[in-house]
Each structure stands twice: as structure tokens, then as C-alpha cells.
Amino acid sequence: RQHKDPPRRQSTSTNNTNNMTATSRIRVVTTTCLLLLACTGGVTSFTATSPVATVSRKNTRSSFRPTTCLAAGPLEVIDPSYNLALGSVALGAAFGLPGSPLKSKLSAFLGGIPLTLFGLFIAFQTTNLRFTFDDSNFSLVSSNLESIGENVVVGGENSWAYKSFVNYDFFPSRSFPILVYFKETQTPEEFWDVGPGEQANSPEALEKGAVPGQVHFFPAIANTADLAKAFEKHDCAKLE
């Protein structure tokens with residue numbers, strides 16, 4: 001007797017796991033690049049959802065460094081947000097989850113591990129740093145409202161007078177903030193071309209309407225809605 005093998009069934013489903021569209025890949029790459037830029041291309045860190053908290057300077061610890069630019073009077077403290085940290089960890093995990101369209105042996109190492117570590121780093125920064133607004137200055141301080149020392153890139157206290165602002169913005173957009181950006185003229189001009197400042201202060205940028213100054217990028221680790229309201233409240237300059 002001859003036994004015939006049963007005909008093989010032809011699959012009619014499409015394997016979506018291995019066939020991401022070009023648009024989806026571009027979005028993932030863009031988001032990943034912005035997240036990595038937040039870790040390596042800026043100065044420090046912040047995003048959240050609750051209202052701005054107001055505290056009195058007399059509640060701050062007496063060991064607050066006298067060299068700080070924080071003025072006397074009410075101090076607005078922007079609430080922290082773990083949105084960026086959680087999003088980074090979730091995106092990193094997506095590179096290794098079974099069935100994920102991002103999963104591969106290569107992506108697990110090139111995307112998954114770095115993004116997960118970055119998310120943990122951002123969570124640490126979110127826990128330990130705060131943005132504050134006083135009568136005359138925008139500052140980056142520790143969670144106990146003490147100075148964090150000099151800026152690691154250009155030196156000087158991490159506190160900037162509102163009158164020194166020439167622009168601020170959120171990237172890639174105000175509704176989906178990953179980076180907080182601002183530009184000021186308080187930092188000595190000799191440092192303005194450090195890092196991204198070289199492009200931001202280039203003749204081409206100035207011809208398009210840019211104003212010279214020191215560029216700062218921070219990961220969005222605070223409530224960016226309240227951050228934007230505080231910038232507006234204190235009349236920080238913004239280019240339209």
C-alpha cells in the first residue's frame with residue numbers, strides 16, 4: 001500500500017511580527033534617538049500631572065548653599081513625573097518581549113538594554129531633582145531643595161534669571177515632551193558654542209531668527225504643563 005502524505009496547509013495569515021512598516025520603524029528610531037539625546041546631550045533632567053506646589057523659603061534646610069541665586073520669597077516647586085522613565089523602560093522591554101515586532105537578537109542588545117538602563121537612570125534623576133521658580137530665577141535643585149552645585153558642562157550655579165531667557169520649548173512637541181529646552185544669556189559668552197550651542201548659534205540659525213545664547217537640554221522629568229505655565233507666568237522670553 002502506498003500512503004500519500006496529506007497536503008500541506010498553506011498559511012493565509014501574514015506574519016506581522018517580522019514585517020513592520022517603514023513608518024513604524026522610523027517612529028521607533030526617532031523616539032529612541034531623542035531618549036538617548038536626553039541622556040547624553042543635555043545637562044540634567046524632568047514631567048508630571050499634579051499642580052505646582054508652593055513652599056516658603058523658610059522651610060528649606062539651613063545648609064542651603066549661600067552662593068545660590070534663589071531669591072527670598074515663595075518658591076514654586078514643579079512636581080516630578082515618572083512618565084519618561086516608565087516609557088523608556090516599557091520601550092526597552094518591548095525589544096525583548098515574545099511576539100513584539102521590535103524583538104530580535106540584535107535589537108535586544110542595541111535597543112532593549114540601553115533603553116531599560118536609561119529608564120532606570122531617568123527614574124533616579126526624577127526622584128532626586130526638582131525644578132523651582134522663585135521671584136527672579138529658574139533653578140535646578142535636589143529633591144530636598146538644596147543646591148546641586150555647579151553645572152557640570154559650563155560651570156556656575158544651576159540657576160538662571162528670567163530676564164536672561166531668550167527662548168524655551170519642548171521636544172518633539174509640547175503635547176509629547178521628551179526634552180525640555182531653553183536658551184539664556186546669563187552664562188558667559190565664551191561657553192555659548194559648547195555642544196549643541198555651536199549649531200544653535202551658527203550664522204544660519206541666526207539668519208532664521210535665532211537669538212544668541214547658552215543652550216540647555218533636560219530630559220522631561222517634571223510636569224511639563226506646569227513648567228510651561230511657570231515660564232509664561234514669569235515672562236520668560238520665547239520665540240514664536
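This is a predicted model: local features need pLDDT of at least 70, side-chain atom pairs count only at pLDDT 80 or more; totals for chains, interfaces and linings use all residues.
I started with Ile113 and found its place in helix α3.

**Ile113 and the patch**

How exposed is Ile113? I got 43% relative accessibility, so I put Ile113 down as partly exposed; that class sits between the under 20% of buried and the over 50% of exposed. I found a nonpolar patch of about 350 Å², made by Val89, Ile113, Leu117 and Leu120. Which helix gives the most to this nonpolar patch? I noted helix α3, residues 105-128, with three residues.

**Leu75 and β2**

Then I moved to Leu75, which I found in strand β2, residues 75-78. Buried or exposed? Leu75 comes out at 1% relative accessibility, so I wrote Leu75 down as buried. I also checked which way the residues of β2 point. Leu75 and Val77 go one way, while Glu76 and Ile78 go the other way. I marked all of them as buried, Glu76 included.

I looked up one pair of residues across the chain as well. Leu75 and Leu145 are 70 residues apart along the chain, and I have their C-alpha atoms separated by 9.8 Å.

**The partner of β2**

In which sense do β2 and β3 pair? I noted antiparallel, over three bridges, with β3 covering residues 129-133. For a residue to look at in this pairing, I picked Ile78, which stands opposite Phe131 in β3. Ile78 is also one of the buried residues I had already marked in β2.

Methods: Residues are numbered from 1 along each chain as its sequence is written. Side-chain values use heavy atoms; hydrogens and water are left out. Helices (H or I, at least four residues) and strands (E, at least two) are DSSP runs, numbered from the N terminus. Buried means under 20% relative accessible area, exposed over 50%, partly exposed in between (1.4 Å probe, protein chains only). Two strands pair if DSSP finds at least two bridges between them. Patches are made of residues with over 30% relative accessible area and no salt bridge: like charges are joined within 9 Å, nonpolar side chains (Val, Leu, Ile, Met, Phe, Trp, Tyr) within 5 Å. Accessible areas come from the Shrake-Rupley method with a 1.4 Å probe; for residues, only the protein chains shown count as cover. A salt bridge is a side-chain nitrogen of Lys or Arg within 4 Å of a carboxyl oxygen of Asp or Glu.
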